[in-house]
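Visitor: I have a model open and a few things to ask about it. Can we go through it piece by piece?

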Amino acid sequence: MKILDAAATRQALPFERLIPALQAMFAAGCEVPRRHVHAVNGGPAGGGFTSLLMPAWNARHYGIKTINIAPGNAGRGLPGLHAVYQLFDAVTGVPLALLDGDEITARRTAAASALAASLIAAPGAGRLLVVGAGRVARLLAPAYAAVRPLHQVQVWARSLAAAEALAEEWRAQGLPAQAVGDLAAAARQADLVSCATLARLPVVQGAWLRPGSHLDLIGSFTPDMREADDACLAGAALYVDTEEALEKSGDLLGPMARGVFTAADVRGTLATLCQGGTPAGAGTARRTVFKSVGTGLEDLAAAVLALDAAGA
């Protein structure tokens, strides 16, 4: 059994290879049961933690990600989330690899956003605005750069110092990055707006967005989280990573409840796009929106790619 720590997992998953691997897995498909949720020792309320189990498999590989979420770790000086990924042979059940789940999650999330943009955003879109400066946000510019030639990269965060630090990191990678303090002004200039925050109230307003721009929403993965206002969704060509997003994300549940759009208005999923589904008219005045909540399919694709890179 191969053991890949955080550094080895990161090195095995460059976006130039990870994005095509996700596209191939979405096109081929795999089995993805609903995640299991367990309150260990009563969960956070009882002093324990919440554990999520996310399985997925195809004819060759079976994988399962275990994510432990312990809000009380902040008081212990520890991160609140820890994850590992186990990969097995799908025929024999033999363990093949143990990988760093945090790296897999962050990198496949950014890669899925870049994949969606490559399929539905206007072909000439080259001005990227990243909203947020956390673990996933810091990967978005490199991921987008793997699918689009970026001639402008801006980043906004509630902490300008954090945005400036991230912009400096991206410049060191050769990206034309700068921090911005005026989110509305930056959004009005951007062709691509990618949000990765933990916001519970809208951060981006539809009135700010350019006609024909592309909006990527990552952070709202529970019903009480929200990154975009109703105007961002109204009249947009909307895509989701999986249909499960319509059940989980406050960015979708709220507007649907208010009649902004219906589930039938969703143009497709990453699977239908990767299987050759026709995207909305890119380059038109119609905004494209991609909402993701994550899926075990992406984890499986990343783990298999990492194992191959490790020389199994």
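Visitor: Is helix 11 mostly covered or mostly open?
Guide: Helix 11 is mostly covered, with 12 of its 14 residues buried. Buried here means under 20% relative accessible area, exposed means over 50%, and partly exposed lies in between, using a 1.4 Å probe and protein chains only. Helices (H or I, at least four residues) and strands (E, at least two) are DSSP runs, numbered from the N terminus.

Visitor: What kind of model is this, and how are residues numbered?
Guide: It is a predicted model, in which local features need pLDDT of at least 70 and side-chain atom pairs count only at pLDDT 80 or more, while totals for chains, interfaces and linings use all residues. Residues are numbered from 1 along each chain as its sequence is written, and side-chain values use heavy atoms, with hydrogens and water left out.

Visitor: Back to helix 11. Which residues are buried?
Guide: Among them are Gly296, Leu297, Glu298, Asp299 and Leu300. Leu305, Ala306 and Leu307 are also on the list.

Visitor: How far apart are its end C-alpha atoms?
Guide: They are 20 Å apart, which agrees with the 20 Å that the 14 residues of helix 11 (296-309) should span at 1.5 Å a residue. The expected span is 1.5 Å times one less than the number of residues.

Visitor: What follows the helix?
Guide: Gly311 does, with a positive phi near 85°.

Visitor: Now the sheet. What is the strand order?
Guide: Six strands make an open sheet in the order 1-6-5-4-3-2, with mixed pairing. Strands pair if DSSP finds at least two bridges between them. Strand 1 (2-4) and strand 2 (36-40) each have a single partner strand, so one side of each is left without a neighbour in the sheet. From one strand to the next, the twist averages 15°.

Visitor: How do strands 5 and 6 pair?
Guide: Strand 5 (residues 81-89) and strand 6 (residues 95-100) are antiparallel, over five bridges. Val84 stands opposite Asp100 in strand 6.

Visitor: Which strands does helix 3 lie across?
Guide: Helix 3 (residues 101-120) lies across strand 3 (49-57), strand 4 (61-69), strand 5 and strand 6, at about 90° to strand 5. Helix 11 packs on the sheet too, touching strand 1, strand 3, strand 4, strand 5 and strand 6, and its direction makes about 65° with that of strand 5. Contact is heavy atoms within 4.5 Å. Axes are lines fitted to C-alpha atoms, for helices over the stretch in contact, and angles run from 0 to 180 degrees between N-to-C directions.

Visitor: Is Cys232 buried or exposed?
Guide: Cys232 is buried, at 0% relative accessibility, whereas Cys30 is partly exposed at 21%.

Visitor: Which way does strand 7 pair with strand 8?
Guide: Strand 7 (residues 127-131) and strand 8 (residues 152-156) pair in the parallel sense over five bridges. Val130 stands opposite Val155 in strand 8. Strand 7 also pairs with strand 10 (residues 192-195), again parallel, over four bridges.

Visitor: Last one: where is Asn41?
Guide: Asn41 is in the loop between strand 2 and strand 3. Its phi is positive, near 55°, and at 65% relative accessibility Asn41 counts as exposed.
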